[in-house]
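Please read them with the sequence and the structure open.

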Amino acid sequence: MKKMFRSFLFVATVATLFTVSSCTKECDEGYEGNDCKTEIREKYLGSWTAEDDCVKNTTTNQPVPYTVINKKAGSVTQFEITNVANAGVTVVATVNTETTFTIDKQTVKVGTANVEVTGNGTISADKKTVTATYTVTGSGGAQSCSVKLTR
């Protein structure tokens, strides 16, 4: 009887440990990490150097470095990308998953013209590279661009 009780206790302990260890904590929307206190947009914030295939130095034909990413007030899932296309334009992006974001269609002013910007992107696993595509649509038509941001 003692041996059977030990066997039962062993099986019950293993089952309990397996059940507890297989649980994963779900964070509130917009948060991640072991403690669920890290805003999902944190990994994007800061200064980046951009290589944009639509923005070239007219003398050297090399990409022009630009871009700073800031928090968007009022939402833990949104951030602002400043100086898009090296045109002094700021757009708002929304984090969708741990590694993806979208730039929802928005109208911005470039000089005196209003243009629409939309796009999407991803961040690398090491959080050191962001790649994105975006489209700028104005009175002259649409232009699609690719950009690589590095820290």
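1. Disulfide pattern. The model is a predicted one. Counting bonded cysteines along the chain, the disulfides follow the pattern 1-2, 3-4. There are 2 disulfides in the structure.

2. Cysteine 27 and cysteine 36. These two cysteines are joined by a disulfide with an S to S distance of 2.0 Å. The disulfide is left-handed, because the torsion about the S-S bond of cysteine 27 and cysteine 36 is about -70 degrees. Cysteine 27 has a relative accessible area of 25% and is therefore partly exposed, whereas cysteine 36, at 14% relative accessibility, counts as buried.

3. Cysteine 54 and cysteine 145. The sulfur atoms of this disulfide lie 2.1 Å apart. The link of cysteine 54 and cysteine 145 is left-handed, with -100 degrees about the S-S bond. It ties together distant parts of the chain, 91 residues apart: cysteine 54 sits in the loop between strand 4 and strand 5 (68-71), and cysteine 145 in strand 11 (residues 141-150). Cysteine 54 is partly exposed, at a relative accessible area of 26%. Cysteine 145 has 4% relative accessibility and counts as buried.

4. Strand 6 and strand 7. These strands pair in the antiparallel sense, over 5 bridges. Valine 84 has valine 89 in strand 7 as its bridge partner. The hairpin of strand 6 and strand 7 has 4 residues between the strands, and alanine 85 in this hairpin takes a positive phi near 60 degrees. Is strand 7 largely enclosed or largely open? Of the 7 residues of strand 7 (residues 89-95), 5 are buried, so this strand is largely enclosed by the rest of the structure. Buried here means under 20% relative accessible area.

5. Strand 7 and strand 8. A hairpin of 4 residues connects strand 7 to strand 8. The pairing of strand 7 with strand 8 (residues 100-110) is antiparallel and runs over 2 bridges. Threonine 94 has threonine 102 in strand 8 as its bridge partner.

6. Strand 9 and strand 10. Strand 9 (residues 113-123) and strand 10 (residues 129-138) run antiparallel and are joined by 8 bridges. Threonine 118 stands opposite threonine 135 of strand 10. For reading side-chain positions here, the general rule is that in a regular strand the side chains alternate between the two faces of the sheet.

7. Serine 75. This residue lies in the loop between strand 5 and strand 6 (78-84). Serine 75 has 19% relative accessibility and so counts as buried. Which residue has a side chain in polar contact with the side chain of serine 75? The partner is threonine 77, and the contact is 3.1 Å. A polar atom of the serine 75 side chain also lies 3.5 Å from the backbone nitrogen of glutamine 78.

Technical notes
Residues numbered from 1 in each chain as written. Predicted model: local features only at pLDDT ≥ 70, side-chain atom pairs only at ≥ 80, totals over all residues. Heavy atoms only, no water. Pairing = 2+ DSSP bridges. Disulfide = S-S within 2.5 Å. Buried < 20%, exposed > 50% of the residue type's maximum accessible area, 1.4 Å probe, protein only. Polar contact = N/O pair within 3.5 Å; in protein donor to acceptor, adjacent residues only side chain to side chain.
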